[in-house]
Structure formats: C-alpha cells, structure tokens
Amino acid sequence: MSNFQLKADAPIRTSPWMAMLIIIIGTVVIVFGIGASIVTGVANISFGTVWASIFHFDSNNDHHVIIQSLRLPRALAGALVGAAFAVSGAMMQGMTRNPIADTGLLGVNAGASFVLVLVFAFFPSLSFEYIILFSFIGAGLGAGLVYSIAYFSKGGRMTPLRLVLAGAVVGSVLTGLSQALSLLFQINYDLAFWSAGGISTAEWFQVSVMLPWIIVGLLAAMILSRSITILSLGEDVAAGLGQRTKWTKAMGAIVVMILTGASVSTVGGVAFIGLIVPHIVRFLVGVDYRWIIPCSAIMGGVLVILADIGAKTVAMPYETPLGSIIAILGVPFFLYLARKERRELT
Amino acid sequence: MNSDILLHSQKRKNRSIKLVFLFGILLLLVFIISLNTGRYSITPIEVWHTLLGAGTKKQNLVLFELRLPRMIISVLIGAGLAVSGAVLQGISRNGLSDPGILGINAGAGLAVLLFVSMYPSTSLAPPFLMPFLALLGAGLTAILIYFLAYKKGQGITATRLLLTGIAVGAGISAATVILVLQLNPRNFEFVVTWQMGSLWGANWKFVLALLPWMIILLPYVYWKSKTMNILSMNEPISGGLGLEIHKERLALLAAAVGLAASSVATGGGIGFVGLLGPHIARRMVGPEHQYMLPLTAAVGALLVLVGDTIGRSIVANTEVPAGVIISLLGGPYFIYLLMRAKA
C-alpha cells in the first residue's frame, strides 16, 4: 500500500458538474480550435474560404484543395490522437496506480515506433490498414517489456521509479535499433520528423483508417472506466469487491495498445500528453474514472490542437515537431511530479 | 561480493594490477584486430610492415590517417566516459548513474549541435573549440539537474536525481529535434549519425584536442580515489571524517562532467559506457576506487573499441555507429542491474 496514488485519508471526491462543464466547453474549444488550426499556416486562408471549401467545394480553387487535402485531416488527426494518448495515459495511471505513467515514458510509443520502422524497412509497400495492426503489436511489445522488467525485479514491486527507468532504457535501446535500421535502409529524413511527432503528414486516408480504431478504443475505455476506478483504489480493494482484476487489466492493456498503436502509426511517438492531461483532469473532476476518461479525451484533443497551431507558427515557415512542443510543457510537469510525490515513488 | 570484501587489501591490489594488465593485453589484441577490419582489408603482416614504414601509399593512408586516430579516440573516450560514470555513481551513491541517463551527454550534444548548425560545412568546425563548448553545455545541464533535484531539508536523493535527469534529458532532446530539423539535409545526416555515437571526429586533430582533457582529468580522479571511497559512504560518516563534503563532491562532479563532455564532443552520444565500465570493474576488484578506477578505464576503452570494430564490420556497405552497438549491449545490462536493485 505504500505507493498509493490517491491520498488515502482524503474522501473520494468527484465533481460531475465540473466534468460536464469540461466536456461542453472542451467540445466548443475543439470545434473552434479545428477552425483556427485550418486557417493557420504558410498559405493565408480566411474563415470564409474554410466555410466555402467545406460546403461548396471547388476543386479548381487552390485554397479549397489545401484545406480539404492537408489542413482538415491534420486538425482532425490532432484531435483524435490527443484524445487517444490522454486516455491511454489515464488508464495506465489508474490501472497501475502509478502517477508517472505515460505511453511515451513507459516504452509503449517506442515499441510501436520500432515495429513501424521494421515494417518500413522490410515491407515498404504495405498498406496503412495493415501497418496500423503492426503498430498495435509494437505498442504491446514495448509495454510488455517495460512492465515485465519491473514485475520480475527483486522484491517484485512495480515502483514508479523502476518503471520510468525501465521505460527510459527500453526506449533508448529500441530507438537505437530503429536508428540503425533506418540508416541501413536509408529511410532517415522523414523518419526523424515522424518519430518526434509529425502530424503534418496526416492524410485523409490515414485518418479514415485510424478513426474506427480510436472510436472503438475510447468506447471500450468508457465501458471499463468503472472497473478502473475500483482498481485505482488498490488491487486488494478491487478483489474484495469481487472484481476480476486480471481481466480488467488485460482488457485495459488491449485498449491502451489500440489507442496508442493507432496514434503512433499516424503521428509518431508523442510523449507527455498521457502524463499531463489525466493529472489536470483528476485535479478538476476528482477520482472517478467514469468522468476522468471522457474529460481526458476532450482535453487531450484540445491540447494537441492548440500545440499543433503552435507547431505551425513558432518557427514559420518551418514545421516544429508536435512532440517537441508538448515536451516543452511536459518536462516541467514531470519535474514537478518528481519533486512532489517523492514518498510514493520508491 | 561478500568474499571480495574479505580479501586483504594487498591481495586486492595484486588482483587489480593483474586484471589491468590482462585488459591491457585484450585491448591490444582488439586494437590489432580493429586495425585489420574495415572496408579496405589489411592483413596483420601488412599492418606490421606499414607500422614500420614499409607500407604502400594506400595502406599508409588507411592506417595512419583513418583507422589509427579513430581507434585512439575510441580508447580515450571509452576510458573517459567509464570513469565519468564511476565518479557519478560514487558521489551520488547510486549504481544507476551514468552521464547518458542523467542527461549530461544530451546537454553536451546540444551545445555542439548549436555550434555545428551555425557552420555551413562541418569540416570547418575547429576541433579544439568543441570540447569547451560541450563542457559548457554539459556543465549547465549538470547544474540545472542538481538544482532541480535539490530540495531544502532533504538535499538530493538518488531517486529524484535520476528522475530529474531523465526529465531534463527529454527536454533537451526535444530542443535538439527542433534544431536538427531546421538543418539542411547534408548537415542533418551528419548530426543524426553523430548523435548515435559515430566517432566522427576521427583524425589526429581531434586526438590532440581530446588528449589534454584525458591527461589532466583521469589522473586527477585517480588521485582523488581515497576521497571518493569516503564520499560513497553515508554523508554523516564522511562529514565525521573531516571531509569538506560539498567542496570535494563539486570538484569531482566537475571532473566527471569534463570527461563526459570532451568525450561526447569527439565521439558523439555514446550511452551506457559510464554504466557498464564501473559495474564490471567493481564486480572484479570490489568497490574501492583506487583499484577499481584503472580497471574501469580499461573496460570502458575496450567496450568502445569493440563496439566500433563491430559497427564497422557488421554490415558490408555502411557502418553502424558504435553508440548503437554499445546501447544494444548496455541496455540489457542496465535492465539487469535495475532488476537487482532494491529501489
């Protein structure tokens, strides 16, 4: 019980009103954010043109084509992967009661990226529908490695420190392998951008393949949310309440694999979304995962859309990788957690 | 480990000398093998002839201008990184410390990268300036990590130091990526291979630029080995023994940062050597620094040299950076250590 993520003496608090507020305001922000994201970019496009391009598409108008083929899929991909990474992080934090859980920090992204590099190197002509399946497997591989290292450690306690260190090392070994492979197969330049979170290359086709997976993943997360709330109180408590904890964890792991795998295959490994968003949401809406999960999805989407607008504008006309923009927010947050929760980390 | 501690000091000293000798021979062997390895193959007899001055023009070029400086650099940075890791582990009292894990290499790398990106062509970058720039980057990073991990009343705990290092390292990598992507494709390729530890600075100029750092810092650390023995005990004990803890620790930290920075400036981002070297040495001669440090340096040198040799010969047409090979060896070893550690 020593690494109890939630303060045990505090009453279990939830604020559904706050959660509703986040969902409503967040949705509005996402809609406007997508609009703002579409008008932002090197080519100057007005809101009026955006409106026209959606409702009276004219294939001879360059701006309409830019909007339809580049900017709209990019903005939608941002909202989707933001939701997916944030919900993955929330689920990992809840299921393992580890405050420093994030798909980027615990090797899930690295696993997916590594398998994707393998696919690019050996099956360069594979279609995206199949690539995404490999990405799921890779995500599972990375997570499996990190968690089994922590699980089979001396004493067998999966302390957050152990997990983070294992994640860092598994990440650096897999990245090393990916880099070596990409050097050997000459897939260097695009890959670097992509492995740092390259949302600019998202296409309609990718979005349409990714969309059903992410919707299924988010729905499954909602269905599991009650069990995760109970699990987050402690495995003993959950077992005492008659929950099949192993089943919940297995299902949760599959959901994380799907959400992360789908996101990484489209935009690459973006870390820290799954760390920041659930913490802020938990602070606002309390400890009930039935609210944490939908609010994380919404706020994750908001975060990525806003960060992507930043990625386009910070160093115009260059694209700044999304992963770097988010890391600028995520690193201080990580440092804050490392300082604050000292007792619970070891 | 227990039986090691029971060994007499004299016995241990003999053992240490023997092992350093053994590793020296190993190093020499790998050195000779490495001299023969590469795209242009030279047999050992030809190497011998060339070393005596009887080689063809092409053999001379390959041996003296390409391979020899590169191998000397491998040996130097291997020793430097390994000893740097030993010092960091000693003063932080944490077996998992390593300049790579703690983000110090990344800081050095960022500084070098900033410099390189301002130069139109990489060959113009003056090698003597690079270690200083790297030192600046690494030093600032070390200071940043130290302050962020410091908490009033508790000082620095090993846990917080590691987590802070990982976080700061992630931040620096993010900044590095932003910078790297704005380079032109030619510089880009160079920087990417450099980051992987490709031992790019492989000519005599770089050997000369690196050598003074090693000549000054390695003996300094060795000279301080008794101090480090005391520092690696509990703080109250070392304080009770009349040691100015903070001053000594700071000086040693500076030396460790200097070793790591100058190595990174010439070799690129090679991780895990600072972790593997000291651990292997400690397993063989125990934790006392006066016996363990020379062996650490030898193991580190051997590691990088072997890594580079493998990287050069594993694939026919291109080479895999030494850093990648070493991280494939070092990563699993780190995981093994992590699984055995109590925290």
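Student: Which way does α6(B) cross α7(B), left-handed or right-handed?
Tutor: In this predicted model, α6(B) passes α7(B) in a right-handed crossing. A crossing is right-handed if the near helix is turned clockwise from the far one by less than a right angle, and left-handed if anticlockwise. Helices here are DSSP runs of H or I with at least four residues, strands are runs of E with at least two, and both are numbered from the N terminus.

Student: What angle do helix α6 and helix α7 of chain B pack at?
Tutor: The angle between α6 (residues 129–149) and α7 (residues 158–180) of chain B is about 135 degrees, and their axes are 9 Å apart. That makes α6(B) oblique to α7(B). Under 35 degrees counts as roughly parallel, over 145 as roughly antiparallel, 65 to 115 as roughly perpendicular, and the rest as oblique. Axes are lines fitted to C-alpha atoms, for helices over the stretch in contact, and angles run from 0 to 180 degrees between N-to-C directions.

Student: Which residues make the contact?
Tutor: From α6(B), Thr141(B), Leu144(B), Ile145(B), Leu148(B) and Ala149(B) take part. From α7(B) come Arg160(B), Leu161(B), Thr164(B), Gly165(B), Val168(B) and Ile172(B). Two residues are in contact if their C-beta atoms, placed from the backbone, lie within 7 Å. By class, this contact has seven nonpolar, three polar and one charged residues. Nonpolar covers Ala, Val, Leu, Ile, Met, Phe, Trp, Tyr, Cys and Pro; charged covers Asp, Glu, Lys and Arg; the others, Gly among them, are polar.

Student: How many helices and strands are in chain B?
Tutor: Chain B has 15 helices and zero strands. Of its 343 residues, 52% count as buried. Buried means 20 or more other C-beta atoms within 10 Å of the residue's own, exposed means 12 or fewer, and partly exposed is in between, with C-beta atoms placed from the backbone.

Student: And what is the mean pLDDT of chain B?
Tutor: The mean is 81, and 87% of the residues of chain B reach 70 or more. pLDDT is the predictor's confidence in each residue, from 0 to 100. The model scores ipTM 0.78 and pTM 0.85.

Student: New topic. How many residues does each chain give to the contact between A and B?
Tutor: Chain A gives 41 residues and chain B gives 39. On the side of chain A, α6(A) brings the largest share, 15 residues. That side divides into 26 nonpolar, 11 polar and four charged residues.

Student: What is the phi of Phe272(A)?
Tutor: Phi of Phe272(A) is positive, about 80 degrees, although the residue is not a glycine. Most residues other than glycine have a negative phi. Phe272(A) is found in the loop between α10 (245–267) and α11 (273–285) of chain A.

Student: Why does Phe272(A) count as buried?
Tutor: Because Phe272(A) has 26 C-beta neighbours inside 10 Å.

Student: What about Arg93(B), where is that?
Tutor: Arg93(B) is in the loop between α4 (57–92) and α5 (104–118) of chain B. Its phi is near 50 degrees, also a positive value in a residue other than glycine. Arg93(B) has 16 other C-beta atoms within 10 Å, so it is partly exposed.

Student: How are residues and chains labelled?
Tutor: Residues are numbered from 1 along each chain as its sequence is written, while chains are lettered from A and ligands numbered from 1 in the order in which they are written. In this predicted model, local features need pLDDT of at least 70, side-chain atom pairs count only at pLDDT 80 or more, and totals for chains, interfaces and linings use all residues.
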